[in-house]
Amino acid sequence: MIPWIASHILTITIFLPLVGVLPIMMLPRRFEEGSRAIALFFSLITFIASLAMWWLYQINAVDNGFTLIEQHPWIPTLNFQYFVGIDGVSLLMIVLTTLLIPLAILGAWNEIKTRRKEFMGLILLTEVGLLGAFAALDLFLFYVFWELMLIPMYFLVGIWGGKHRIMAAMKLLIYTLFGSLLMLVAIFVVYAKSGYQMNLIDLYQMKLDPGIQLWCFMAFALAFAIKVPLWPVHTWLPDAHTEAPTAGSVILAGVFLKVGAYGFYRIAMPLFPDAVLQAQPLLMSLSVIGIVVGALVAMIQPDMKRLIAYSSVSHMGFVMLGLASLTTEGVEGAVLQLVNHGISTGALFLLIGIIYSRTHTRQISDYGGIAKVVPWFSAAFIFVALSSAGLPGLNNFVGEFLTLMGGFAYGKVYGVIAAIGVILGAAYLLWLVERVFFGQVTNEHNKTLKDLNPRELTLLIPLMLLMVVFGVYPKLLLDPCMGSISTFLQLMGR
Amino acid sequence: MIEQLLQHISIPTLMCLIPLLPLLGAIANGKMYLFSTRSQWKPSHALSGTIAVVMPLISFLIVAVLFYIAMGLEDSHSVSTGPLFTWFGGTQWAVTIGLKLDQLSLIMALVVTGVGSLIHLYSVGYMSHDDGFAKYFAYLNLFLFFMLLLILGDSLPLMFVGWEGVGLCSYLLIGFWFTDIEKAKAGKKAFIVNRIGDFGFVLGIFFIWQALQPTAQPGDAILSFSYISTHAAFLAPVATAATLLLFLGATGKSAQIPLYVWLPDAMAGPTPVSALIHAATMVTAGIYMVARLNFLFVLAPTTLNVIAIVGCATAFFAATMGLVQDDIKKVLAYSTVSQLGFMFLALGVGAFSVAIFHVMTHAFFKALLFLGSGSVIHAMDGEQRLSMYGGLRKHLPVTFTTFLIGTLAIAGIWPFAGFFSKDAILWHVYSSGHFWLWLIATLAAGLTAFYMFRLVGLAFFGKRNPAGPHHVHPENSVTMLLPLVVLAVLSIIGGWVGVPHAMGGHDHIMTWLAPLFPTALHEAGNESTELFMGLGSMTWGAIWAIIAWILYSQHRGWADQMAARFKRCYTLLVNLYYVDQIYDAVVVQPLLWFSRSVLWQTVDAVLIDKILVGGSARIARLFGRVGTAMETGLVPHYVFLLVLGSVVVLGWMIL
């Protein structure tokens, strides 16, 4: 039994949430509330499985390349395979996902009152898509998982979202489908040009003609850039984040965006290294623009969820800055930033969800002075905001610092302009904190707000602890992926 | 049992305890505060206060012990923990965490923990009526943790952790009474302005990192101070850029032109905070950083000139702004900015140890002055306007005496502490050949004496303003008086460790620091000239002091007449040269407008959403419409299109 689990740990982790979907579906409508517990249970054992996976990864890790590989023919005539395996980066992404999903479910505990069954089922389904995308080593398999996470997300936003949910969901769908279709075309071009290969590891070794590389890279890059999102294809994100229910926002910001960056790391960049070199100045410029513009626009948002959404544009700009710099420091920083942005922004969305569930408003101007009323909530929010602003000693700092180093090493001007984002980051977050928490309580309704309850504390404390741990000892995250990063850079010709 | 315990207490353990003890205090008080907000239980003031005061006190004792040990060491006078663990790094380099105490950081650590402990003690009395007692001490202890990390950190990134951390605590403490939105705004302003400086700091680190990378072996801690100093030669090509950027960081933290604007607003915090953070310790971090990296700064003469000029200009302009302030704390705030300018001036002319000497004496007398002003404010029910005071010397004898000592020290009157350090600065500026800088600095020194004695005159002499608070609370809190007395003593004798040879002293502090700093960049001047100029500078200060004392305690009408006569000048000064308004109009408002109107409402909403996304949808729909329109179901239409198509295709093939 145990050896069998050990050798299939990856598949088990990916599909455990799917197992949870079954009992939820079979649950009679009048016991619907139970779906929360079922979903929480399955997401938690998925988390435990992913930790076991981490442990097995540590044991089996080969310095470069993939471990915990499972490879089975899927559609043999077309040479499509069920081929999964992880390197350090996918490991971190998977654990991040399995960590955030239970928290998202717990965050949605009382928020979702209608169609709970469907909601919980869709969340678990999204998790399957996300985990699969992070583990797939077959291009077509990747595509399937990629679409699998998109569709439930569309429903999560469209059914349980805010006032403008339909518009937001449509925008999300159109944007991402547009990218996906281009990607699908590119996948088949690669498939045809490589002698009908979908296996990523084999494809890494093949050198496509530079002309074709550029077109294929552009198609992949557009699909991934939309997901990241890179400026200027980011405008779906503020709407989707803002309108989504809390759990949706947490998953969107925490993991969804990461798939875009991960796609660059796993597929778009190593498959087309020559094209990347050509496109590098463009990628770097868009990242830097995203960092600064995202922060500037975040600054003047009247809606706090939208503010955090724009801050994600800025933070993900740092990720792409590091990744596209093709330096060790930059890629290290990008990976750290992926994890840490997930933790910090996930926590911010949870916090906003907590206060929204009491006040039913996201407008910053409806708040003011609530630090006096809800001291614990305020302390937690300010703590997380500081982590998001990259305070040294907390989690985001090292990643930001390393990505900036990468940008600086690529070209000083990129590092310098991107560093402005660090100033602006403090500006928009502290201004938000000031307007929400400080001053006198101006809104009568806010005078009787309830502070954090035990469920909410359970949500936040683990994340806040991780912020300290990863800030002080980021090697916990860096050690498993150093080898993978250098393999990646070798593939890129560095 | 105890012996075993002692065996484990090695020097590195002790060093780690220096910053960790205040951190523990911060955690303890922070937890107690948070729990007290949810339950009936409230931590007693005695408990929180004791924890908060004892932690820094133990740290101080440890530093003192280590100082004693280091003094006994033959060669290096420094102790270090070595690398404790690797924080992060690349393939070729690493950032390790480690603490180091050498001659420079020992002095700083002694001042920070010593003055820090006193101010903690004072706060017990000062904050005794405040609801957020435990929270206050949590922040204050946390500040000490970060400040000690800044000082003890053995690498640039670790220093930066402390650097930003003290900024955080400053933010929290300025906005401590956050229900007043102006105070919260002042805190935010401090943090953001400091972040502008930190932008420079980070980029400065990057320049150094890039230049040192080729020299590194895998695992080398290339950003540690020892590595940078031994490889300084490789940094020559980037020295100017790196040091200018680092200096930008220093102008933020140490409130120099152009980033000084946050410090006067920072006076919104509780007065002991102003004393500890915004006078004695945090704001001197920039000076400490330049002194720490002196080997780098001497490679960049341009930067040193910039530092000297900026320092001198700040010293002068801040002093002029201090002349007309009505708020007692604002006078002291501008005075602090001005004094920090003096320290940078010293750094700029290469007199690093003199700058550190002034950091030390300034910590004594400025902490004393702030705590004294706190006593006055406490006694006057929170009133801070000088115009509401008057004649307080009879009501607050201890405060008055100690405040006068502090004033004499800052005015540079022999034999008080400030005389020796300020005179040393002026002397080094003069003897290094910077005549104009010396002239302006001397003028600023005169203004210092003037505005300080103006303050003393307005507050402690003359008649009570009947519009002010009727009742003056007597000074009876021992916890508040003891720190005043100790600091007053230090403000008298603190300068004696740096009596120059010309005055028959031994210049201990310079000798102690000498191994760290390059030997003087210029020829030492004539000793008799030095003595003469010392006498001159004291006389100069005394003259201004007397003028101020006459104007503001004897003939107040004269001062008003002067203000009326030079109305324009006076208005300009009262409005602080309109710097805040200019920054707002030139930087803040345009940035907000650009973000809102251009980036958000035009680029995002119209250009991308409407034209690109909406446009592509419209084009798709257009194709759909065309397609639909063609499906008319009428055969002639289809035949027509068929013919048209054939013609086009044939034409294509033929041509």
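Predicted model: local features only at pLDDT ≥ 70, side-chain atom pairs only at ≥ 80, totals over all residues.
B:Pro415 sits in the loop of chain B between α17 (397–411) and α18 (417–431); helices (H or I, at least four residues) and strands (E, at least two) are DSSP runs, numbered from the N terminus. Residues are numbered from 1 along each chain as its sequence is written, chains are lettered from A and ligands numbered from 1 in the order in which they are written, and side-chain values use heavy atoms, with hydrogens and water left out.

Confidence comes next. The average pLDDT of chain B is 87, and 98% of the residues score at least 70; pLDDT is the predictor's confidence in each residue, from 0 to 100. For the complex, the predictor gives an ipTM of 0.92 and a pTM of 0.92.

Chain A contains 19 helices and two strands. Its radius of gyration, taken over C-alpha atoms, is 21 Å, close to the 23 Å of the globule rule for 494 residues, so chain A is as compact as a globular protein of that length. That rule is 2.2 Å times the number of residues to the power 0.38. The C-alpha trace of chain A spans about 70 × 60 × 40 Å along its principal axes.

The size of an interface is often given as the accessible area lost when the parts come together. Here chain A and chain B bury about 5,200 Å² between them, 75% of it on carbon and sulfur atoms; buried area is the accessible area (1.4 Å probe) that two parts lose on being put together, summed over both. Within chain A, the residues that lose the most area to chain B are A:Ile300, A:Trp376 and A:Phe408, together 13% of what that side buries. In terms of contact (heavy atoms within 4.5 Å), 64 residues of chain A meet 49 residues of chain B.

One salt bridge is found across this interface, where the rule asks for a side-chain nitrogen of Lys or Arg within 4 Å of a carboxyl oxygen of Asp or Glu. The partners are B:Lys188 and A:Glu434, whose closest N and O atoms are 2.9 Å apart. Helix α17 (residues 412–437) of chain A gives the most to the side of chain A that touches chain B, with 15 residues.

Over all chains the salt bridge count comes to 20. One other pair is A:Asp479 with A:Lys475, at 3.4 Å from N to O. Both residues lie in helix α19 (residues 475–491) of chain A, four residues apart, about one turn of the helix.

The backbone has further points to check. Most residues other than glycine have a negative phi, and most peptide bonds are trans. In chain A, the bond from A:Val228 to A:Pro229 is cis, with omega near -10°, and A:Pro229 belongs to the loop between α9 (210–227) and α10 (236–243). A:Leu68, although not a glycine, has a positive phi of about 55°; this leucine is in strand β1 (residues 67–75) of chain A.
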